[in-house]
Amino acid sequence: MGLTDIELFFKTHKEKIEEQLPFYISKLSAPEQLTKSMDYSLQAGGKRIRPLLLLGTLHSFGKNESIGLPVACAVEMIHTYSLIHDDLPSMDNDDLRRGKPTNHKVFGEAMAILAGDGLLTFSFQVISEFMDETISPEKRIALISRLAKAAGPEGMVGGQVADMEGEGASLQLTDLEYIHTHKTGKLLAFSVMAGAIIADATDEQLEKLEQFAHHLGLAFQIRDDILDIEGSEELIGKPVGSDTENNKNTYPALLTLEGAKEKLAFHIDEAKRFLYSVDMKHDILDYMCNLIASRDH
């Protein structure tokens with residue numbers, strides 16, 4: 001697959017995700033203001049990296065990507081819920097997200113909390129209810145269990161707590177890696193693993209892809225830390241330097257900016273090493289590695 005074809009793959013499937021997300025919300029029998037709040041943040045834009053990783057993994061195993069679309073949308077719902085809650089005054093207290101007013105600035109704090117709650121719980125409903133005989137009940141249970149673990153106290157939520165408790169403290173690199181692996185990496189890793197599970201990957205392939213996803217998740221967060229220093233506010237969609245203002249522990253603060261860039265390159269190289277050890281097509285996921293390493297927002 002040539003570069004133009006790869007870019008077309010991402011463009012086409014990003015459009016499919018963005019068509020499907022509001023469709024799910026429109027089918028809800030729920031209070032109008034709640035669905036408006038949920039839909040507002042889902043349609044606020046974004047890179048859609050997590051669902052695209054899932055669909056890209058399916059493609060890499062030669063499977064029809066459409067069978068993974070409901071799970072991909074469920075992952076994006078959980079990611080969006082976490083952003084809504086992250087932006088709240090009691091958390092990061094951000095007024096802008098992707099260049100638009102954050103959810104609580106438009107709908108109020110209470111509705112923003114409930115919209116996040118709604119997206120989190122609805123994501124599991126989406127996985128359990130969609131009709132596709134190619135995904136067995138056993139696979140659905142495995143996907144739901146893995147997603148709950150990736151998003152919950154042993155995953156993203158646990159990482160958020162560790163991040164919050166680490167503010168203002170002097171952390172070691174292992175502490176910072178724990179935060180980033182759980183806060184960001186676990187949900188990214190789920191996206192890859194979900195695609196592989198749906199595609200009937202072997203245990204050996206799953207083990208190698210888990211390592212691939214681990215390094216990719218760390219690389220993603222390191223790039224985020226770098227962008228908070230030298231990124232463009234216009235491209236990022238929120239003020240730069242917020243990590244410093246909030247006394248967050250970051251890779252540049254711990255390793256210097258140059259050291260963080262070296263660590264980013266290391267994790268991208270390791271991700272590709274594990275990727276190419278799996279017997280599958282590599283072009284889409286290789287491109288994703290490069291995209292994460294060089295993204296400007």
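## Overall fold

The chain of this predicted model contains 15 helices and 2 strands. Its radius of gyration is 18 Å, close to the 19 Å that the globule rule gives for 297 residues, and the chain is therefore as compact as a globular protein of that length. Taken along the principal axes, the box filled by the C-alpha atoms is roughly 50 × 50 × 35 Å.

Of the 297 residues, 53% count as buried, while the accessible surface of the chain comes to about 13,400 Å², with 52% of that area belonging to carbon and sulfur atoms. When contacts between residues at least 6 apart in sequence are considered, 74% of them join residues at least 24 apart.

## The largest cavity

A search of the whole structure for cavities of 30 Å³ or more finds 1, and the volume of the largest cavity is about 80 Å³. This cavity is lined by 13 residues, of which Ser41, Ala44, Asp87, Arg97 and Asn103 are the closest to its centre.

Helix H2 (32–42), helix H4 (69–86) and strand S2 (100–101) are the elements that each give two or more residues to this lining. The largest share comes from H4, which supplies 3 residues.

The contribution of H9 is the greatest, at 6 residues.

## Alanine 72, a buried position in H4

Helix H4, which gives the largest share of the lining of the largest cavity, is also the place of alanine 72. Why does alanine 72 count as buried? Its relative accessible area is 0%, and since a residue is classed as buried when this value is under 20%, alanine 72 falls within that class.

Once its neighbours within four places in sequence are left aside, alanine 72 is in contact with Pro51, Leu54 and Leu55. The C-alpha atoms of alanine 72 and glutamine 125, which lie 53 residues apart along the chain, are separated by 13 Å.

## Phenylalanine 23, a partly exposed position in H1

Phenylalanine 23 belongs to helix H1, which covers residues 3–26. Is this residue buried, partly exposed or exposed? With a relative accessible area of 41%, phenylalanine 23 is partly exposed, because this value lies between the 20% under which a residue is buried and the 50% over which a residue is exposed.

Phenylalanine 23 and glycine 118 are 95 residues apart in sequence, and the distance between them in space, C-alpha to C-alpha, is 15 Å.

How values were computed. Residues numbered from 1 in each chain as written. Predicted model: local features only at pLDDT ≥ 70, side-chain atom pairs only at ≥ 80, totals over all residues. Heavy atoms only, no water. Helix = DSSP H or I, 4+ residues; strand = E, 2+ residues; numbered from the N terminus. Buried < 20%, exposed > 50% of the residue type's maximum accessible area, 1.4 Å probe, protein only. 1 Å grid on protein atoms, 1.4 Å probe; cavity = no way out; pocket = protein on both sides within 12 Å on 5 of 7 lines; lining within 4 Å. Points joined across faces, edges and corners; volume = space filled by probe spheres on them. Rg over C-alpha atoms; globule rule 2.2 N^0.38 Å. Contact = heavy atoms within 4.5 Å. Areas by Shrake-Rupley, 256 points an atom, 1.4 Å probe, with all protein chains shown as cover.
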